[in-house]
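Here's a quick briefing to read alongside the model. Have the sequence and the 3D view open as you go.

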Amino acid sequence: MSDLRGFYTEGYSLADRAEADRMGRWRALGARSKADHAVKLCARAGLRPGTLVEIGCGDGALLAELGERGLAPVLDGFELSPPAAELARARSIAGARRIEAFDGEHVPAEDGAYDLAVLSHVLEHVPVPGPLLREAARVAPAVLVEVPLEANRSAARPAKREEAARIGHVQFLDRAAVHALVRDAGLTVAAELSDPLPYAHHAFFAASRAARGRAALKAGVRRAAWRASPRRAERLFTVHYACLARRMP
Ligand SMILES: C[S@@+](CC[C@H](N)C(=O)[O-])C[C@H]1O[C@@H](n2cnc3c(N)ncnc32)[C@H](O)[C@@H]1O
C-alpha cells in the first residue's frame, strides 16, 4: 500500500502551479457529473442519508459538490494520499466533519457509522478491490460505487491502456464485474446508471480548435450510440457507471 500511497501523493503534489490548477479544474468538472449521479441514484432508491463518508475522497472535489447540493448534512472523507486529504480539509465544504488520511484498507469508523459510503473512481485503482468494498459495506448499509467501464473495444487499444496505467488504473471493469464485486461484498444493486459524459469532459484537454471539433464529434457520436443502446455502447467505448448498492437483508 505504501507504493500506492507514494504514487497518489505525487499526483496531488504537482510542482507546476498552472498544471496543479488545471488538474484541480479537471477534478471539479468530473465532480459535477459524479454528484449528479449520486443525487439521481439516491432519489431513485429513496435514500436520504443523514451521514455520508467518501472513501478515497482525493482533494475533496466531490465532497464539496455533494455538500453544496445538500445530499447529506454530515460528510466525512478518508483518503490514501496525505496531501490530497490536506487539500480536501482546506476546502470549505458544507457539512464536512472528519477529513483524514488513512491506510487505504481500514476505515477508522465503527460498523454502520454512516448511512451511505461513496467509492467514486477508486475501485479501478485498487489491486484487490473486494476488501475495500466490503469495508465500505461494513461502515454503511448503502454504498455508492462509480467506476469507468474500461472493458471495451476502444479502451483495449494499447495507447488507451497506457494512459489508464499512467493514471493508476489497475482494474478494467465491465458492468458484470462490478455486479460481482457488489454481490461478493454482501450488497445488492438498488439503482444504477451509465453516462457517456458531456462535451465539456471530452474537450477538457483539447488544446486547439480542431481538437475541440473532434471532441464535439466524439461526444455527439458517443451520446447517440449510448442512447440507441446503452449496453452495446459500453462494450464499444468507456462510459461512467454508477450504482447504489444496499446490504442484503
Ligand atoms: C480518481 S481519484 C478519485 C477521487 C474522488 N473519489 C473523486 O471521485 O473525485 C482516485 C483516488 O483514490 C485514492 N485511492 C487509491 N487507492 C485507495 C485506497 N486503497 N483507499 C482509499 N483511496 C484510495 C487515490 O489516492 C485517489 O485520490
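Which residue is the bridge partner of Pro148 in strand 7? The partner is His240. Before going further, note that this is a predicted model, where local features need pLDDT of at least 70, side-chain atom pairs count only at pLDDT 80 or more, and totals for chains, interfaces and linings use all residues. Residues are numbered from 1 along each chain as its sequence is written, and side-chain values use heavy atoms, with hydrogens and water left out.

**The sheet**

- Seven strands make an open sheet with mixed pairing, in the order 3-2-1-4-5-7-6. Strands here are DSSP runs of E with at least two residues, helices are runs of H or I with at least four residues, and both are numbered from the N terminus. Two strands pair if DSSP finds at least two bridges between them.
- Strand 3 and strand 6 are the edge strands, each pairing on one side only.
- From one strand to the next, the twist averages 15°. Axes are lines fitted to C-alpha atoms, for helices over the stretch in contact, and angles run from 0 to 180 degrees between N-to-C directions.

**Strand 7 and its partners**

- Strand 7 covers residues 239-247, and seven of its nine residues are buried. Buried means under 20% relative accessible area, exposed means over 50%, and partly exposed is in between (1.4 Å probe, protein chains only).
- Strand 5 (residues 142-149) pairs with strand 7 in the antiparallel sense over eight bridges. Leu149 stands opposite Val239 there.
- Strand 6 (residues 187-195) also runs antiparallel to strand 7, joined by eight bridges. Leu187 has Arg247 of strand 7 as its bridge partner.

- Helix 4 (residues 82-90) has Ala84, Ala85 and Ala88 as its buried residues. These cover an arc of only 100° around the axis, so they sit on the same side of helix 4. The arc is taken from the directions from the helix axis to the C-beta atoms.
- As a rule, an α-helix has 3.6 residues a turn, so residues three or four places apart point the same way.
- The buried residues of helix 4 pack against strand 2 (74-79) and strand 3 (96-101). Contact means heavy atoms within 4.5 Å.
- Leu75 lies in strand 2 and counts as buried because its relative accessibility is 1%.
- Not counting residues up to four places away in sequence, Leu75 touches a set of residues including Leu52, Leu63, Leu66, Ile93 and Ala96.
- Leu75 and Ala206 are 131 residues apart in sequence and 34 Å apart in space, C-alpha to C-alpha.

**Arg175**

- Arg175 lies in helix 7 and is buried, with a relative accessible area of 8%.
- Leaving aside neighbours within four places in sequence, Arg175 is in contact with Leu149, Glu192, Ser194, Arg231, Glu234 and Tyr241.

**The ligand**

- The ligand is surrounded by 16 residues, and the closest are Tyr12, Glu54, Gly56, Glu79 and Ser120. A residue is near the molecule if one of its heavy atoms lies within 4 Å of it.
- Glu54 has a polar side-chain atom 2.6 Å from a nitrogen atom of the ligand.
- An N or O atom in the side chain of Ser120 is 2.7 Å from an oxygen atom of the ligand.
- For Lys34, a side-chain N or O atom is 2.9 Å from an oxygen atom of the ligand.

Definitions and conventions: A polar contact is a pair of N or O atoms within 3.5 Å; within protein, one must be able to donate a hydrogen and the other to accept it, and residues adjacent in sequence count only if both atoms are side-chain atoms.
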